[in-house]
Amino acid sequence: MSSAFAVEITGVDKVFNAGRADAVTALTGVELTIGRGEFVSLIGPSGCGKSTLLRLIADLITPTAGTVTVNGKAARQARLDQEYGIAFQQAGLFDWRTMRRNVELPLELRGVRRAQRRTRVDEMLALVGLADFAGHYPAQLSGGMQQRVAIARALAVHPPLLLMDEPFGALDEMTRERLQDELLGICARTATSTVFVTHSISEAVYLSDRVVVMSARPGRITAIVDVDLGARTEQTRQSAEFFAAVTEVRRALRGSGAAATEPAAT
Ligand code: ADP
Ligand code: MG
């Protein structure tokens, strides 16, 4: 059965090392619904549980309490059905595989036939503007190009949902802004829903339909800021509306006690 929602998180708690002296309550009482095609960012200080929440959606870990549903399926089933693609801060490409063979990997794992794999990889590399680099190895490309290949790989199976954990965190500011625009274009063209973890306020605001503000100890959602900037253009980053949204998110972070512990947020 298909659901109107890309992600539904209900009453989720996550305790690591439960029952031990070193138990950590990473998340408590998380309620979050993400619509189809929506772009949502998770922002908050280090250790507030952003990565934990993303890993719960991806079924890389399981909740201590509550439920996680992806496209109307239990998270585990959604993982088995490859309902999502995932990209991390490190591109995580295999050095000995060409760009083509890196992007091809999830298709191989899924048993897609060779001719179809070829077509799909060409399509994906074109999507991220790297059609001419299919035969290159990771070491031959810049960090930004490697990250684009990682995004192409995450999207290769045409997942309805894209999960990203600080994917641009290691890139310089100009590369980062260019990739933000590319990502928005890709998500719009492919109608992909996205959950994006960042600790940059401006990045969260620029990319998102909604910014989910979290606080640490114990990790929880303290505010959700709606961002209504319309289509992003070159003017967006200079607009009064953009600064107003940045201020709103910054205030929400302060209100959650996050500002003091997150000097890196920009
Ligand atoms: P963020 O991504 O927001 O920086 P994380 O989700 O990585 O935060 O971590 C949230 C909290 O859970 C932190 O206190 C962290 O130390 C703890 N944590 C994360 N993963 C584990 C784990 N596998 N075992 C024990 N504690 C963990
Ligand atoms: Mg993290």
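Twelve residues of domain 1 are in contact with eleven residues of domain 2, where contact means heavy atoms within 4.5 Å. Before going on, the ground rules. This is a predicted model, in which local features need pLDDT of at least 70 and side-chain atom pairs count only at pLDDT 80 or more, while totals for chains, interfaces and linings use all residues. Residues are numbered from 1 along each chain as its sequence is written, chains are lettered from A and ligands numbered from 1 in the order in which they are written, and side-chain values use heavy atoms, with hydrogens and water left out.

Domain 1 covers 1-83 + 161-169 + 179-266, and domain 2 covers 90-158; the bounds come from an automatic or database domain assignment. Their C-alpha centres are 25 Å apart.

Now the interface. The two domains bury about 980 Å² between them, 67% of it from carbon and sulfur atoms. Buried area here is the accessible area (1.4 Å probe) that two parts lose on being put together, summed over both. On the domain 1 side, Gln82, Leu179 and Ile186 lose the most area to domain 2, together 47% of what that side buries.

What does the rule find across the interface in the way of salt bridges? It finds one, counting a side-chain nitrogen of Lys or Arg within 4 Å of a carboxyl oxygen of Asp or Glu. The side chains of glutamate 182 and arginine 148 meet in a salt bridge, 3.4 Å from N to O.

On the side of domain 1 that touches domain 2, β7 (161-165) and α6 (173-190) each supply at least two residues. The largest share, five residues, comes from α6. Helices (H or I, at least four residues) and strands (E, at least two) are DSSP runs, numbered from the N terminus.

Next, the ligand. Of the 13 residues around ligand 1, Gly47, Gly49, Lys50, Ser51 and Thr52 come nearest; a residue counts if one of its heavy atoms lies within 4 Å. A polar side-chain atom of serine 51 is 2.8 Å from an oxygen atom of ligand 1. For lysine 50, a polar backbone atom lies 2.9 Å from a ligand 1 oxygen.

Last, a backbone item: arginine 217 and proline 218 are joined by a cis peptide bond, omega about -15 degrees.

Terms used:
Polar contact = N/O pair within 3.5 Å; in protein donor to acceptor, adjacent residues only side chain to side chain.
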